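Please examine the sequence and the model shown below. The paragraphs that follow lead through the structure step by step.

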Amino acid sequence: MARSNNDSNKPNIWGMIRDIGVTSINKGQFPIAIIGAIIIILVLKMPSDDTSKLVFKVFSHFTTMHFLGWGISFISILGWYFSNRYQRRIHHQEMTRIAEEKKKLQEQKISKKLPSSNSNNLNN
């Protein structure tokens with residue numbers, strides 16, 4: 001098959017950023033992505049002298065045992081992760097319950113057994 005001259009599927013930086021943004025929205029990680037993007041933009045916009053000072057200052061805080069803030073941040077991120085995982089599980093269970101209720105009501109309305117749309121359960 002010959003390739004056309006229109007390479008609209010050619011990967012580029014803007015498509016990658018778009019895909020990362022859409023994925024982060026779908027997974028509930030968009031606020032973290034925005035904060036990370038803001039930090040990256042601020043560091044890139046800094047003069048190079050200030051950037052090197054910032055890097056050395058951050059590493060000096062690592063060596064002087066200023067880990068309390070980092071530890072609290074890490075714990076809060078872990079808490080957010082497990083909370084998000086729990087909420088996704090609850091949401092999935094609720095959507096499954098609502099789908100079953102909808103199917104029962106539709107079957108009552110048409111007086112006929114409907115096939116399942118769930119790919120894991122093809123026997124219904």
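Is isoleucine 75 buried or exposed? Isoleucine 75 has a relative accessible area of 59%, and it therefore counts as exposed; the term exposed stands for over 50% relative accessible area, buried for under 20%, and partly exposed for what lies in between, with a 1.4 Å probe and protein chains only. Its place is in helix α4.

The model is predicted: local features need pLDDT of at least 70, side-chain atom pairs count only at pLDDT 80 or more, and totals for chains, interfaces and linings use all residues. Residues are numbered from 1 along each chain as its sequence is written, and side-chain values use heavy atoms, with hydrogens and water left out. The predictor's confidence in each residue, from 0 to 100, is called pLDDT. Its mean over the chain is 83, and 85% of the residues reach 70 or more. Among the elements, helix α3 (residues 48–63) has the lowest mean pLDDT, 83, while α4 has the highest, 90. Where pLDDT is low, the predicted coordinates should not be read in detail.

The overall architecture may be considered next. The chain contains 4 helices and 0 strands, and from the N terminus on its elements run α-α-α-α. Helices (H or I, at least four residues) and strands (E, at least two) are DSSP runs, numbered from the N terminus. Of the 124 residues in the chain, 6% are buried. The accessible surface of the chain comes to about 11600 Å², and 64% of this belongs to carbon and sulfur atoms; such areas come from the Shrake-Rupley method with a 1.4 Å probe, and for residues only the protein chains shown count as cover.

Helix α1 (residues 13–26) has 14 residues and reaches 20 Å from its first C-alpha to its last, close to the 20 Å expected at 1.5 Å a residue. The expected span of a helix is 1.5 Å times one less than its number of residues. In α1, Gly15, Gly21 and Ser24 are buried, and the buried residues of this helix pack against α2 (30–45).

Arginine 18 and aspartate 19 meet through their side chains in a salt bridge, at 2.9 Å from N to O. A salt bridge is a side-chain nitrogen of Lys or Arg within 4 Å of a carboxyl oxygen of Asp or Glu. Arginine 18 is exposed, with a relative accessible area of 52%, whereas aspartate 19, at 41% relative accessibility, counts as partly exposed. A search of the whole structure finds 2 salt bridges.

The other pair is arginine 97 and glutamate 94, whose closest N and O atoms are 2.6 Å apart. The two residues are 3 residues apart in helix α4, so about one helical turn separates them. Arginine 97 is partly exposed at 43% relative accessible area, and glutamate 94 is partly exposed at 33%.

How far apart are the end C-alpha atoms of α4? They are 63 Å apart, which agrees with the 63 Å that its 43 residues should span at 1.5 Å a residue. Helix α4 (residues 68–110) also gives the most to a nonpolar patch, with 7 residues. This surface patch of about 800 Å² is made by Ile32, Phe74, Ile75, Ile77, Leu78, Trp80, Tyr81 and Phe82. Patches are made of residues with over 30% relative accessible area and no salt bridge: like charges are joined within 9 Å, and nonpolar side chains (Val, Leu, Ile, Met, Phe, Trp, Tyr) within 5 Å.

Some residues of α4 are covered instead: Asn84, Lys103 and Glu107 are buried. Asparagine 84 counts as buried because its relative accessibility is 15%. Leaving aside its neighbours within four places in sequence, asparagine 84 is in contact (heavy atoms within 4.5 Å) with Lys27 and Gly28.

Serine 111 lies in the segment after α4, and its phi is near 55°, a positive value in a residue other than glycine. Most residues other than glycine have a negative phi. At 67% relative accessibility, serine 111 counts as exposed.
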